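Please read the following briefing alongside the sequence and the coordinates.

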Amino acid sequence: MPRRRLATVLLYALVIATLVVLLFPFYWMVVSAIRPGNQLLSYPPQFFPKDVTFEAFQAVLRRSNIFTWFKNSTVVTAFTILVAVPVSALAGFAMSRFRYRGVQEAGYLLLTARMLPASLLIIPLYAIFAQLGLINNFASLVVANTTFIVPFGAWMLKGFFDSIPRDLEHAAMIDGTTAFMAFVRVVVPLSLPGLAATTIYCAILTWGEFVFASTLVSGEARWTGPIGIASFNQQYQLQWSEIMAASLLFVVPVILLFAFLERYLVEGIAAGGVKQ
Amino acid sequence: MTTAQTVPRAPRRRRFSRSALRNRLYAYALLAPAVVVVLLVIVYPLVMAARLSLHDVGIFRVDRGLTGEMSFDNYEAMFRSRAFWKSLRITLYYVFFGVLGSFAVGLFTAVLLNQPFRGRGLARVLMVLPWPVPGVVAATMFTWIFNSSFGVLNYLLLKSGIVAQPVQWFTKPVPALVAVLVATIWKGYPFFTISILAGMQSIPKELYEAARVDGAGPIQQFRFITIPALRSVIGISLVVATLWQFRVFDIIFVMTGGGPTGATETLAIQIYREAFQYFEMSYAAAVGMVTLALSVISTFFYLRLTSRSFY
Amino acid sequence: MKQRRLIRTLAAALAALTIVAAASAQTITLDMPSWQATEPGTSDWWNALIAEFEAQHPGVDIVFTHEPFASYNDKMVTRFAAGNPPDILHLPAANFMIYAQEGWLAPLDERLAASNSPVLNEWTPVQSGCEYEGQTLCVIVLGYGYVLGWNEAAFQEAGLSGPPTNSAELIEYAKRLTVDKDGDGTIDQYGFVFPTVTHSGVETHTTAFLFEADPDGHWVDDQGRINRDAAKAAWAVLRQLVEDGSVPLGLDNNGKRQYFVEGRSAMMFEGPWIQGNIDSAAPEIRAGLRVAPLPTSGVIYGGASNVLAIPAGLSPEREQLAWEFIELFTSQEWQSKYATIAGQPPARAGVLTEEILEQNPNMRQYVVAADTAKDYIPPLLAEDYTRFRDLAIEATLAVVVQGADADAELDRLQAEVDRILR
């Protein structure tokens, strides 16, 4: 069937072309990281650089504390996911199943968390966390990040829960399970794509978060990745290749997480339960 | 085959019974953690920002609080400021084209990545690589890509004959805005890709099969099944992306600092400047209130537009 | 017998414990954040200074933490505003004013007088920038004057014998040094480079040439009137460079340094930290990089780079310790080490011996520049300098890059200055 084969070839071509265009800056980051730091401006640009050096990676891996940064970022991200995703799921479920007064309003209220620029938030937030004694404590980062993730997570999951018929929960409840267990045992497994997407979103946001991580926490032992990367930017010097190398390394764990969660972004897990 | 209709309101006759009350409490209990966390962290700053905008304070000092008369002086000054209106205009362009661009690229890539093909998993992972790159790093990267003398973009544009002279990306207003938009869209599209891709998984295959049996082509399937089914996902994604876009700071600040001559100075940049460079935090708060208002308006707009449930 | 030994052992243990407890009860940690904690050169000097201080003060520990530079002031202001300042404040000088205005810094005059501190008479002239409303609120760590970095190899290729000494020569040389080496239509080397995007650094170059045009004046006179002739002269220099095509456009300060370090620009203006840039160049290029006085007819642009201060409201004990740290910092030994370890001109006068000056051939230039520098902050606009700076940057870019009319821009700038000074 030549038509189908043509379609497949076109599809592959389109995918590859899209990847090439969209990922070109990423490729350029890689090239910048493996070129000597004093050769950024060679012209014409070398798409396949001649002088390759892994000095920048070595400097980052050996002389900086990148593993500490990884560890800290992982701790903050893991705890944020553990808090933010369930909280979002609960809220999203309420918004989906209950149309009482206050439920929809609460949903809109959640979104206000994302409406003010960081510049206006940072002093009051610092003061709040100082009052709570949480300055220099990762708990403050977990709370702050959760605040910004829950609004999106709740609405996103509301949409997913909306697509799951209530009959399924009612059926489970008739069998004797409580409403909450029906939620956990029936609805949640059917919403895996939505949960996966929310988890990814949470991970990406927390992993790359700078403003709170820089203000609420001090000291190199508590740096997360973005702060560590920023430290290569000195007052009068920009350690260019190190920044690119560190960023590339830093991106890897999140990509691995995404690769793991990608399998849940598959049709059939959700729709499977809808068949009558 | 039954699908749930829009959720019915709580039946009248049960309104005052105990189980209705328990239902309500259950609903509020589910919402409570989210609301508590968010309010705890956000209410104080929001209220402080609103009050701050009505006073005349250079730096908001927690030990002193806000004293003195309240007035609308900051708002007056703001509405009379040429820089403010210019910044507002730039912000609207930036948000509109940034969200539109990210959405378009995100939708396109999501559709692409929803097709079955070998290596799809890898393609999906690769497609969202821009997302976890720190904004500052991406901005620095794009600054060099867009460099007028040695940047690879001008090299490609010149070589392919699209332009005759190197484009002065950062010294002319419109190219600077374009450069900043490109960097923003690059960082912003994977969010749409993932959200839409996830949303697409909830669309039952049967609907497409039924449509195909009825003779609908792929474009019609897309228009009449995919898009409507994705309404709520698209809606919330547009909202969140717009809210993010209003607040973007790093990318613009690193690439252009808000210039040239204010061509890329969005409200977020202006707020930072006024708050942390000129130390006029009351004025910055007033501008912040405008951003808040715009955010509220766009949120309602998008949510109303996409609120009709598909299922 | 056994009992007595037991009692004696217990008593000894108890005594030991008491001493340990007493010692640890006396450990004080001083919080000192800085953006230079990992900077090559300066961080070595800070760490050595801190080690010496800790050795002299057993029981006192300075926690020297690094904060990224770009967000440094935001964080410090947030901490002060929320009532949680550090114990020793290391600050970029450009940010000093807000701390002074908010009363966040402890006055140092009494202590300076009581200890007959070298800061009073033997310090860099820009120390006066640490004064606010009659009180000395900080001590300058690095006062600088700008220098000219030039690429001797490029000069020789262009047939030029030495660096320019005034702006007219700068324009002429820059033109000759802008070459397309391989004839492919792209300029491989520019004669000069300066920032042309909205970041700090643009106004630096305007001010440098403004000083040349009017050595005794500044941006504004004491009536608040802008020095129009000098500003126009300065803009004319930069505009000529742009029109001649001698400078690449669209760069910030980092781009400027990158161009110079890669030999893509034959000249650039920079402070004494240019040494770090030069050291990072590839060996074949580094061999040709030199330092010369700024080509502005002997009037040198300069100012203060960073300062040390003591936050107000510390406990007397901590304030005393912070002061003693500053005292150690001002000592002859540690000031001369600023040159040998950090590679920068020390703030204290007369601490550099001939040997030290011989070690780094450029050090003499840095010292001369620092000693003769004219402070870039216009006296009348010190309190609103950041706002004025941004306005000056935009006016400069409009005239120099976009070719706007200088008089119109000056009118606009004057209106803004009037509003600031009202």
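**Domains and interfaces**

In chain A, the centres of domain 1 and domain 2, taken over C-alpha atoms, are separated by 31 Å. The model is predicted: local features need pLDDT of at least 70, side-chain atom pairs count only at pLDDT 80 or more, and totals for chains, interfaces and linings use all residues. Residues are numbered from 1 along each chain as its sequence is written, chains are lettered from A and ligands numbered from 1 in the order in which they are written, and side-chain values use heavy atoms, with hydrogens and water left out.

**Chain A: domain 1 against domain 2**

- The assignment for chain A gives domain 1 as residues 2-56 and domain 2 as residues 65-272; such bounds come from an automatic or database domain assignment.
- Domain 1 of chain A puts 10 residues into the contact and domain 2 of chain A puts in 8 residues, where contact means heavy atoms within 4.5 Å.
- About 730 Å² is buried between domain 1 and domain 2 of chain A, with 83% of it on carbon and sulfur atoms. Buried area is the accessible area (1.4 Å probe) that two parts lose on being put together, summed over both.
- Between these two domains of chain A there are 0 salt bridges, a salt bridge being a side-chain nitrogen of Lys or Arg within 4 Å of a carboxyl oxygen of Asp or Glu.
- The rule also finds 0 residue pairs in polar contact between domain 1 and domain 2 of chain A (both at pLDDT 80 or more). A polar contact is a pair of N or O atoms within 3.5 Å; within protein, one must be able to donate a hydrogen and the other to accept it, and residues adjacent in sequence count only if both atoms are side-chain atoms.
- On the side of domain 1 of chain A that touches domain 2 of chain A, helix α1 (residues 2-34) gives the most, with 5 residues. Helices (H or I, at least four residues) are DSSP runs, numbered from the N terminus.
- That side of domain 1 of chain A divides into 7 nonpolar, 2 polar and 1 charged residues. Ala, Val, Leu, Ile, Met, Phe, Trp, Tyr, Cys and Pro count as nonpolar, Asp, Glu, Lys and Arg as charged, and the others, Gly among them, as polar.

**Chain B: domain 1 against domain 2**

- Chain B is split into domain 1 (13-52) and domain 2 (82-306), and their centres, over C-alpha atoms, are 32 Å apart.
- The contact takes 4 residues from domain 1 of chain B and 5 residues from domain 2 of chain B.
- These two domains of chain B bury about 350 Å², of which carbon and sulfur atoms give 77%.
- B:Leu46, B:Ala49 and B:Leu52 supply 87% of the area that domain 1 of chain B buries against domain 2 of chain B, more than any other three residues.
- Between domain 1 and domain 2 of chain B the count is 0 salt bridges, and 1 residue pair is in polar contact (both at pLDDT 80 or more).

**Chain B against chain A**

- Chain B and chain A bury about 9,200 Å² between them, with 81% of it on carbon and sulfur atoms.
- The contact involves 101 residues of chain B and 96 residues of chain A.
- The count between the chains is 1 salt bridge; A:Glu262 and B:Arg124 meet through their side chains in a salt bridge (2.8 Å, N to O).
- Across the interface of chain B and chain A, 5 residue pairs are in polar contact (both at pLDDT 80 or more).
- Helix α1 (residues 18-52) of chain B gives the most to the side of chain B that touches chain A, with 21 residues.
- That side of chain B divides into 76 nonpolar, 17 polar and 8 charged residues.

Methods. Helix = DSSP H or I, 4+ residues; strand = E, 2+ residues; numbered from the N terminus.
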